[in-house]
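Visitor: I am new to this structure and would like to learn how to read it. Could you walk me through it, feature by feature?

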Amino acid sequence: MREFVVRYVNGPLQGEGSISVPDDAPGEPPLVQRIPLPPTERGVQQTMSRMVGGQSHAVYERTALNDADEWEFQLVRIE
C-alpha cells in the first residue's frame, strides 16, 4: 500500500489526513472521494439522512498539490 498526505481545505473534515491506495494504483490520489461522516459531524444532515434511510457523506474533489507536497481537496457537497 502507498500513502498520500492530503489536506481537506474546507468542510467538516478540514485539516490534514491521508489516503492509502494499492501499490499498482496511479501516482496520484483519487480525483473524487466520498467519505462517510462521523456522527458528531452530521448535525442537520443526520436528521435528513435518517428520513431517507442512508448515511451522510462528504464528497471532496482533488484540486492541487501544495508547496508542502500535500494533495488538497475541496468539499463539493454533503449527501
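Visitor: Which charged end sits over the ring of Trp71?

Guide: The charged end of Arg62 does, 5.2 Å from the ring centre. A charge sits over a ring if NZ of Lys or CZ of Arg is within 6 Å of the ring centre and within 35 degrees of the ring normal. Before we go on, note that this is a predicted model, where local features need pLDDT of at least 70, side-chain atom pairs count only at pLDDT 80 or more, and totals for chains, interfaces and linings use all residues. Residues are numbered from 1 along each chain as its sequence is written, and side-chain values use heavy atoms, with hydrogens and water left out.

Visitor: Which sense, parallel or antiparallel, does the pairing of strand 1 and strand 5 have?

Guide: Strand 1 and strand 5 pair in the parallel sense, over three bridges; two strands count as paired if DSSP finds at least two bridges between them. Tyr8 has Phe73 in strand 5 as its bridge partner. Strand 4 and strand 5, by contrast, pair in the antiparallel sense over seven bridges, and there Tyr60 has Leu75 as its partner in strand 5. Strand 1 and strand 2 are also antiparallel, over seven bridges, with Arg7 opposite Glu16 in strand 2. These two strands form a hairpin with six residues between them, and Gly11 in the turn has a positive phi of about 85 degrees.

Visitor: How many aromatic pairs are there?

Guide: Rings of Phe, Tyr and Trp (its six-membered ring) pair if their centres lie within 6.5 Å; planes under 30 degrees apart are stacked, over 60 edge-to-face and the rest tilted. That rule gives two aromatic pairs. The ring centres of Tyr8 and Phe73 are 5.8 Å apart and their planes are at 40 degrees, so this pair is tilted. It links distant parts of the chain, as Tyr8 in strand 1 (residues 2-8) and Phe73 in strand 5 are 65 residues apart. Ring pairs join Tyr8, Tyr60 and Phe73 into a cluster.

Visitor: Is Phe73 buried or exposed?

Guide: Buried means under 20% relative accessible area, exposed over 50%, partly exposed in between (1.4 Å probe, protein chains only). Phe73 is buried, at 0%, and Tyr8 is buried too, at 8%.

Visitor: Which residues make up the largest nonpolar core?

Guide: In soluble globular proteins, nonpolar side chains tend to be buried together. A nonpolar core is a set of buried Ala, Val, Leu, Ile, Met, Phe, Trp, Tyr and Cys residues joined through side-chain atoms within 4.5 Å. The largest one here has 11 residues: Phe4, Val6, Tyr8, Ile19, Val21, Ile35, Leu37, Ala58, Tyr60, Trp71 and Phe73. Strand 1 gives the most to this core, with three residues.

Visitor: Where is Asp69 found?

Guide: Asp69 is in the loop between strand 4 (57-65) and strand 5 (71-78). Its phi is near 60 degrees, a positive value in a residue other than glycine.

Definitions and conventions: Helix = DSSP H or I, 4+ residues; strand = E, 2+ residues; numbered from the N terminus.
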